[in-house]
Amino acid sequence: MERRKFLGTSLGLGAILSAGCTAAAHATGKQNSTFPTIPLKGKKESAITHWDVVTIGNLSRNRYWGESEEQALHPVICTTTVISGKNFHVMVDPSLKDSSAMAEELKRRTGLVPENINVVFVTHEHGDHHAGIQSFPNASWYATEATAKMINTTEKYIKNVEPAPQQLFSAIDVVPTPGHTPGTAGLRFDYHGLSVFVCGDSVATRDFWDEGRMYFKALDMEMSHRSMKKIAAIADVIVPGHDNYFINL
Ligand SMILES: [Zn+2]
């Protein structure tokens, strides 16, 4: 009953994880296997008030679906995430090229309109991760210096992508995770005690993560593997480049 009471509330994921452990410990006097203890890596205090996955990405080919990696089989989109604080909204990897589709998905998943987005952060230069960037002309466009340079030389957008500061709004860390491309970076933030990491293609999907495998397009496999280990050490919740978010167990 106690468990149902916890799960029946609208508590956040962090609260459910800790509450689950607490409830089990209370009922049995010790931790049991039904509720494994997951030590959380994030801080309770945070300027982040909300975060949402706007589009759940997919791959152009997926080895875990029995597909060959020789050729693209599906239209690809990446996972787009919005991270919000009291006075800011940061979009990571705008996926949809069609501006009305991008605005519609943003509205449908967050209630926001494109003008609400203050910053667009692009994890790396592959086109599917910034296809929808022009829907946000008033936002600051950021990426690592290497990624910004690549995008600015290959795309003819209405303005340049700028090198990102190390932190956004004193609440979101820009964390280099090279390997998939040299300039790949993700965003890490605290949310109710959880450390959330929005990875881009450093983590392709949950299946790739479970097997510890890099997506075949990674430029440097060894470096990419080191970056995955770095993410594993600091993240409770992982938002991959082409899948829904999941818990780092
Ligand atoms: Zn990529």
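In strand 10, L187 has V198 as its bridge partner, and R188 has F197. This is a predicted model, where local features need pLDDT of at least 70 and side-chain atom pairs count only at pLDDT 80 or more, while totals for chains, interfaces and linings use all residues. Residues are numbered from 1 along each chain as its sequence is written. Helices (H or I, at least four residues) and strands (E, at least two) are DSSP runs, numbered from the N terminus.

**Strand 10 and its partners**
- Strand 9 (residues 185–191) and strand 10 (residues 194–200) pair in the antiparallel sense over five bridges; two strands count as paired if DSSP finds at least two bridges between them.
- These two strands make a hairpin with two residues between them, and H192 in the turn has a positive phi of about 50 degrees.
- Strand 10 and strand 11 run parallel, joined by four bridges, with V196 standing opposite V237 in strand 11.
- As a rule, strands of a sheet pair through backbone hydrogen bonds, either parallel or antiparallel.

**How covered is strand 10?**
- Strand 10 is mostly covered, with seven of its seven residues buried. Buried means that 20 or more other C-beta atoms lie within 10 Å of the residue's own; exposed means 12 or fewer, and partly exposed is in between, with C-beta atoms placed from the backbone.
- L194, V196, V198 and G200 point one way from the strand, S195, F197 and C199 point the other way, and all are buried.
- In a regular strand the side chains alternate between the two faces of the sheet.

**The sheet and helix 6**
- The open sheet has six strands in the order 7-8-9-10-11-12, with mixed pairing.
- Its edge strands are strand 7 (167–168) and strand 12 (246–247), each pairing on one side only.
- Helix 6 (residues 221–234) packs on this sheet and touches strand 9, strand 10 and strand 11 (237–240); its direction makes about 160 degrees with that of strand 10. Axes here are lines fitted to C-alpha atoms, for helices over the stretch in contact, and angles run from 0 to 180 degrees between N-to-C directions.

**T144 and helix 4**
- T144 sits in the loop between strand 5 (140–143) and helix 4 (145–154).
- Why does T144 count as buried? Because it has 25 other C-beta atoms within 10 Å.
- Setting aside neighbours within four places in sequence, T144 is in contact with P163, A164, P176, G183 and A185; a contact means C-beta atoms, placed from the backbone, within 7 Å.
- The C-alpha atoms of T144 and G183 are separated by 6.0 Å, although these residues are 39 apart along the chain.
- In helix 4, the buried residues are T147, A148, M150 and I151. Seen down the helix axis they fall within an arc of 165 degrees, so they line one face; the arc is that of the directions from the helix axis to the C-beta atoms.
- Those buried residues pack against strand 5 and strand 6 (162–163).

**Whole chain**
- The chain has six helices and 12 strands, and 42% of its 249 residues count as buried.
- Among contacts between residues at least 6 apart in sequence, 59% join residues at least 24 apart.

Methods: Two residues are in contact if their C-beta atoms, placed from the backbone, lie within 7 Å.
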